[in-house]
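Here's a quick briefing to read with the model open beside you. Have a look around first, then work through the points by topic.

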Amino acid sequence: KAAVEIATKTRRREQRLVFGHRELSDSETLGALRLAAGALAADPSGAGQPCGLLDIQLIRRPEGQARWLEVVEKADFDDVLVDAPADIKGDREVVLAAVRLHPTALRHAAAELLVDREFLLDALRAHACCFRYVPEALHADRNFILSAVAINGDALQYVREEWRADRDIITAALGQNGSALKHALGDVARELWANRDMVLAAVKQDGYALWYAAEELRSDRLVVLAAVKQHGCALRHASPTLRADADVVLAAVKQDSDSLTYAADEMRSNRDIILAAVKQDSDALQGASGALLMDRELLAVAVQQDTHAMRFADKRLLNDQEFVLSAVEQDADTLQFASEALRDDPTFLLSAVQRNPAAIKHAAAGPRRCRDVVLAAVRQHGCLLQHAAEDLRADREVVLAAVAQDGGAIAHAAASLRDDREIMRLAVRQDGDLLRHAAASLLGDPDLVLCAAKQDCEALEYAADHLRGDRKFILAAIRHDGLALRFACPELRADREVALEAVRRCAGAFRHVDRRLQEDTEFIAAAGRAVKRRRTSGD
């Protein structure tokens, strides 16, 4: 359509491309059409690529129709046609497009469409619930009802009760959708619900149709298996015997782990069934028997699905160092469910942190005061310093290790260490903006602030006022990044030499130059020459 738009000036939304006797959809490709039409010609290269010609007809839609089709396509509400002009409400294609997206849009269709049998059948093909808008006269028309349910078997639920008990109409509905059997009524329905072949066809399309089956068929293993494979929770309608059948229950939980709710109690101790359920939803573990809650492999599968499944584990496992360490290695958050004794054991926590440093988040107070535990954590992930005891956040060696790994850890250091020049320098070398955590006494240290500014000139925002007015300091900062001029005091932004150096380094610094210089033609010319020389020299 893009190529057609370029060649014919016909916008995509106005194009209807017809091949043979049908209109093409946007998803179809020319290659597929060539293959379908058998339009293959010998490829000189021997590759056998389709290269035949196709006869495709372009029909141009009216502008109004094209525009409304686009409106309908983008609409996310069912009243899209409520304010449409009368001709659009009577436009079969536009209304059908709206109905396919929002079936209730049919209520806004023009009266002539609501008595058009073919149009209504097209609407029913999209949604069975469109039958609610079929005029009363057609509700009494048996031929129309037969056509409707043959197109969409679910429409059977919307027809009159007399038709829901009509053998021919029920049969037509079942021919389209076996699950429509649940909408049948009367003696015919009872007869069909006792018909094994009919019920089997129905549950294969909608497992919940088992609910309507005759009692003897709810005890039919083949029928119930077909039902639970389509919808696991259909198990609730199976006979007690089959709800205690391991194969049937296993098939059900593989389809939907929630079906375990309807299984016989003894199935909760079946490892294969619980494992299949847990692979879908770790919460299924809460339905397992006590013995299975000691099964390490089963618990590992559940925890892999969801950390919180750890809470279902037997208390003995939650106090088992090997099991908990294995879980922590996979996910540090599992430690929160371990026994209090393990979470308060510094030796155990050291092992846990060595496997997964984030485990310190769930340690009890004791291990958080253990220097070895905290060092092991922050050397792998500096910001875990926030979980250390207060006295260790004031320990210079611990904080140095944390900041060396991640400069951002300085945010969690004790205030007393934010006055430590070496620690702060280590932080700002990684991220100049971390200067904001420095003690006030360091914000006037020219070496430290310049170090931060070289990493990020925005760090000058935190510099002491006397540094912003220090010509030598500002020139040093500008030589690294001309935009540092923004943080200079007003007198220096009006200093011709300082301003010229800033613009030479970065043309964008001109907006930070004092307004008088911005209007000074001599300065403007000098700045232009400076920028040009820099670009030429590559300096």
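Does Phe-510 count as buried, partly exposed or exposed? Phe-510 counts as partly exposed, at 26% relative accessibility; here buried means under 20% relative accessible area, exposed means over 50%, and partly exposed is in between, using a 1.4 Å probe and protein chains only. Keep in mind that this is a predicted model: local features need pLDDT of at least 70, side-chain atom pairs count only at pLDDT 80 or more, and totals for chains, interfaces and linings use all residues. Residues are numbered from 1 along each chain as its sequence is written, and side-chain values use heavy atoms, with hydrogens and water left out.

**Aromatic pairs**

- Rings of Phe, Tyr and Trp (its six-membered ring) pair if their centres lie within 6.5 Å; planes under 30 degrees apart count as stacked, over 60 as edge-to-face and the rest as tilted.
- With that rule, the count is four aromatic pairs.
- Trp-193 and Tyr-212 make a stacked pair, because their ring centres are 5.3 Å apart and their planes sit at 25°.
- That pair links distant parts of the chain, 19 residues apart: Trp-193 is in helix H11 (residues 186-193), while Tyr-212 is in the loop between helix H12 (196-205) and helix H13 (221-230). Helices (H or I, at least four residues) and strands (E, at least two) are DSSP runs, numbered from the N terminus.
- Trp-193 is buried at 7% relative accessible area, whereas Tyr-212 is partly exposed at 34%.
- Phe-510 and Phe-523 are stacked too, with ring centres 6.4 Å apart and planes at 20°.
- Here again the pair links distant parts of the chain, 13 residues apart: Phe-510 is in the loop between helix H29 (496-505) and helix H30 (515-518), and Phe-523 is in helix H31 (residues 521-537).
- Phe-523 is buried, at 0% relative accessibility.
- Ring pairs also tie Trp-193, Trp-211 and Tyr-212 into a cluster.

**Core packing**

- A nonpolar core is a set of buried Ala, Val, Leu, Ile, Met, Phe, Trp, Tyr and Cys residues joined through side-chain atoms within 4.5 Å.
- The largest one has 176 residues, and Leu-81, Phe-144 and Leu-285 have the most contacts inside it.
- Leaving aside neighbours within four places in sequence, Phe-144 is in contact (heavy atoms within 4.5 Å) with Arg-117, Leu-120, Leu-121, Leu-124, Phe-131, Val-134 and Leu-138.

**Buried loop residues**

- Ala-509 lies in the loop between H29 and H30 and is buried at 0% relative accessibility.
- Not counting residues up to four places away in sequence, Ala-509 touches Gly-482, Leu-483, Leu-485, Ala-502 and Val-503.
- The C-alpha atoms of Ala-509 and Ala-499 are 8.2 Å apart, and the two residues are 10 residues apart along the chain.
- Thr-334 sits in the loop between helix H18 (321-330) and helix H19 (340-343), and is buried with a relative accessible area of 0%.
- With neighbours within four places in sequence set aside, Thr-334 contacts Val-303, Thr-307, Met-310, Ala-327 and Val-328.
- Asp-420 is in the loop between helix H23 (396-405) and helix H24 (421-428), and at 14% relative accessibility it counts as buried.
- What joins the side chains of Asp-420 and Arg-396? It's a polar contact of 2.6 Å, meaning a pair of N or O atoms within 3.5 Å; within protein, one must be able to donate a hydrogen and the other to accept it, and residues adjacent in sequence count only if both atoms are side-chain atoms.
- Leaving out neighbours within four places in sequence, Asp-420 is in contact with Arg-396 and Leu-442.

**Cysteines**

- How many disulfides (cysteine sulfur pairs within 2.5 Å) are there? The count is zero.
- The closest cysteine sulfur to that of Cys-451 is in Cys-457, 14 Å away, so that's too far for a bond.
- Cys-451 is buried at 12% relative accessibility.
- Cys-506 is in no disulfide either, with the nearest cysteine sulfur, in Cys-457, 8.7 Å away.
- Cys-506 is partly exposed, at 23% relative accessible area.

**The sheet**

- An open sheet of three strands runs in the order E2-E1-E3, with antiparallel pairing; two strands pair if DSSP finds at least two bridges between them.
- Strand E2 (22-23) and strand E3 (56-60) are at the edges with a single partner strand each, so one side of each has no neighbour in the sheet.
- Strand E1 (residues 15-19) and E2 run antiparallel and are joined by two bridges.
- Phe-19 has Arg-22 in E2 as its bridge partner.

Technical notes. Disulfide = S-S within 2.5 Å.
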